[in-house]
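Here's a quick tour of one residue and the part of the fold around it. Have a look at the sequence and the 3D view, then read on.

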Amino acid sequence: MNPGPKDHSIEILAALKMQSAILAVVGLFSGVINLLALTGAFYMLQIYDRVLPSGSVATLIGLSILMAGLYCAFGLLDFFRIRLLSRTALRFDQLLSSKVFSLVHARGASGQHADASLQPIRDLDQIRTFLSGMGPTALFDLPWMPLFLGVIYLLHPMLGLFAIGGAALLAIFAGAAEFMSRAPMAATACANRDRFELAEAARRNGEAICALGMRMNFNRRWQDVNARYLKHQTKAADVTSLLGTLAKVVRLLLQSGMLGLGAYYAIAGEVSAGTIIAASITLSR
């Protein structure tokens with residue numbers, strides 16, 4: 001009796017649980033990295049509020065050396081974080097690869113066609129690629145977003161509220177992109193699977209197709225299936241590109257709006273000039 005999807009999910013979760021120690025270290029590195037990411041904002045704040053008014057070159061040199069050291073630490077920790085994630089993906093693959101190969105062998109023996117029987121290997125490759133890519137780093141960085149919003153709020157409450165509103169708006173765009181592209185992406189995947197099944201059938205039965213004079217019929221079927229795939233793919237790309245462009249415009253407006261709002265409060269004497277740059281840098285993070 002072949003194991004079901006639930007059994008496979010348990011094995012995947014167990015393999016991920018075995019990497020918990022490494023993932024905890026990655027989480028620790030992520031915390032320090034996000035703290036060090038504030039270096040640029042505080043450096044600019046000190047330049048505008050302390051160095052320029054006092055004209056102290058010694059202070060400028062000292063702050064610059066400290067800034068360079070903190071950025072070097074940021075780079076080293078980020079480098080090691082990525083290396084740890086890639087090693088985690090490698091260990092994950094090693095734990096499951098033999099079981100996945102056994103599943104592929106069982107599917108092949110049961111008579112399933114090549115595309116379906118090899119799907120578990122593709123799934124494992126996708127999970128490994130995700131674990132070794134930038135996706136996990138974004139997930140580890142996401143919980144630190146309130147820290148940056150809090151820093152902006154401490155600079156000035158209205159600047160903080162502006163940043164929170166902008167973050168909420170971008171989150172809405174991300175949710176809309178996920179919701180609106182879900183159906184076109186699913187249809188694209190289904191059409192793509194049909195393409196490969198037809199191509200596999202044509203490859204496997206090539207001699208019989210030519211002998212029976214069915215080559216033109218298969219070509220027409222291929223054109224129909226391929227056209228359906230391209231239609232769904234184009235629709236999905238249109239949705240994601242539209243919302244991606246809108247989100248990009250909003251991000252630019254938010255960063256420039258932060259500068260304008262900070263300048264307004266600087267003119268009113270409620271914040272310093274350094275606060276304008278610090279808030280803008282922190283918002284971009």
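Ser280 counts as buried because its relative accessibility is 6%, and buried means under 20% relative accessible area (1.4 Å probe, protein chains only). Keep in mind that this is a predicted model, where local features need pLDDT of at least 70, side-chain atom pairs count only at pLDDT 80 or more, and totals for chains, interfaces and linings use all residues. Residues are numbered from 1 along each chain as its sequence is written, and side-chain values use heavy atoms, with hydrogens and water left out.

**The helix**
- Ser280 sits in helix α12, residues 273-284; helices are DSSP runs (H or I, at least four residues) numbered from the N terminus.
- From first C-alpha to last, the twelve residues of α12 reach 18 Å, close to the 16 Å expected at 1.5 Å a residue (that is, 1.5 Å times one less than the number of residues).
- Buried residues of α12 include Gly274, Ile276, Ser280 and Leu283.

**Who touches whom**
- Setting aside neighbours within four places in sequence, Ser280 is in contact with Gln255, Met258 and Leu259, where contact means heavy atoms within 4.5 Å.
- Met258, with residues up to four places away left out, touches Ser280, Ala279 and Leu283, among others.

**The core**
- The largest nonpolar core has 14 residues, and Ile152, Ala163, Met258 and Leu283 touch the most other members; such a core is a set of buried Ala, Val, Leu, Ile, Met, Phe, Trp, Tyr and Cys residues joined through side-chain atoms within 4.5 Å.
- α8, α9, α11 and α12 each supply at least two residues of this core.
- α11 gives the most to this core, with six residues.

Methods:
Buried means under 20% relative accessible area, exposed over 50%, partly exposed in between (1.4 Å probe, protein chains only).
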